[in-house]
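Have the viewer open while you read.

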Amino acid sequence: KLSSRRSRHSSRVRPPQSRGHLAVPDAELLRRWERAAERISWQRRWDALYEPGPCGGKWFSGAMLNAAENCVDRHMPELSAKVALHWEGEPGDRRSITYGGLSADGFAFASALRALGIGRGDRVALYMGLLPETVVAMLACARLGAVHALMAAALPADALADRLADLRPKALVTQDGAWRHGVIVPLKARADEAPETIRGGRSP
């Protein structure tokens, strides 16, 4: 009886066609992704929804979007007073940030980065704690087309130096200190020490 049930089940389930080790999306799956994609704001619509190929193929070929526009701008001005995120710090302090607040802070941060010469394709390292300002910094980078890289707040100066030497960012954004497990980690002091470590030849 057990084998017969398995046989009936196997006859109903058809494995997806595969190309290499990865399944090729069927027509219904592609339609679902297309419907989902229509909810996003695109700067340039895709030439092809999906193109088969190595490593799972290519999705949304030729398309272009901006994360800041999709996360913030498309909700403005109708939802400017609506809370976009709630934040609670380790000591228990709390803040609620609206879409309007995120928009204003994001534009201001993007302007500051632009004044430093940051533009499309530039790399920006973010050595920050889990703060709303970290979200603002990421959205500001996205608005300019810059690439942000998060550096974990727990990194000591030498480990931070290693990552900065590999990344070679055009700018490093940090803060004085960040809470971590009941201790304020001196991020600014470590960030100041990291370039000296690189120049001293102790980092690759």
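Start at tyrosine 50, which has a relative accessibility of 15% and so counts as buried, the limit being under 20%. Keep in mind as you look that this is a predicted model. Tyrosine 50 has a ring partner in tryptophan 59: the two centres are 4.8 Å apart and the planes make an angle of 50 degrees, a tilted pair. Tryptophan 59 itself sits at 32% relative accessibility, so it counts as partly exposed. Tryptophan 59 also forms an aromatic pair with phenylalanine 60, again tilted, with 6.2 Å centre to centre and 45 degrees between the planes.

Searching the whole structure gives six aromatic pairs.

Now slide along to serine 61, which lies in strand E4, residues 58–61. Is serine 61 buried or exposed? Its relative accessible area is 8%, so serine 61 is buried. As for neighbours, leaving aside residues up to four places away in sequence, serine 61 touches Trp46, Asp47, Ala48 and Glu51. With glutamate 51 there is a polar contact as well, side chain to side chain, at 3.3 Å.

Next, hop over to strand E7, residues 123–127. Four of the five residues in E7 are buried, so this strand is mostly covered. Which strands does E7 pair with? One is E8 (residues 147–150), joined to E7 by four bridges and running parallel; here leucine 126 has leucine 150 as its bridge partner. Another is E9 (residues 171–174), also parallel to E7 and joined to it by four bridges, with alanine 125 partnered by leucine 172. Follow the chain from E7 through helix H5 (residues 132–144) into E8 and you trace a right-handed β-α-β unit.

If you care about contact order, count the contacts with a separation of 6 or more: 58% of them are between residues 24 or more positions apart. The accessible surface comes to about 13,300 Å², with 54% of it belonging to carbon and sulfur atoms.

Technical notes. Residues numbered from 1 in each chain as written. Predicted model: local features only at pLDDT ≥ 70, side-chain atom pairs only at ≥ 80, totals over all residues. Heavy atoms only, no water. Helix = DSSP H or I, 4+ residues; strand = E, 2+ residues; numbered from the N terminus. Buried < 20%, exposed > 50% of the residue type's maximum accessible area, 1.4 Å probe, protein only. Polar contact = N/O pair within 3.5 Å; in protein donor to acceptor, adjacent residues only side chain to side chain. Contact = heavy atoms within 4.5 Å. Areas by Shrake-Rupley, 256 points an atom, 1.4 Å probe, with all protein chains shown as cover. Pairing = 2+ DSSP bridges. Right-handed = clockwise from strand over helix to strand, strands pointing away. Phe/Tyr/Trp six-rings, centres within 6.5 Å; stacked < 30°, edge-to-face > 60°.
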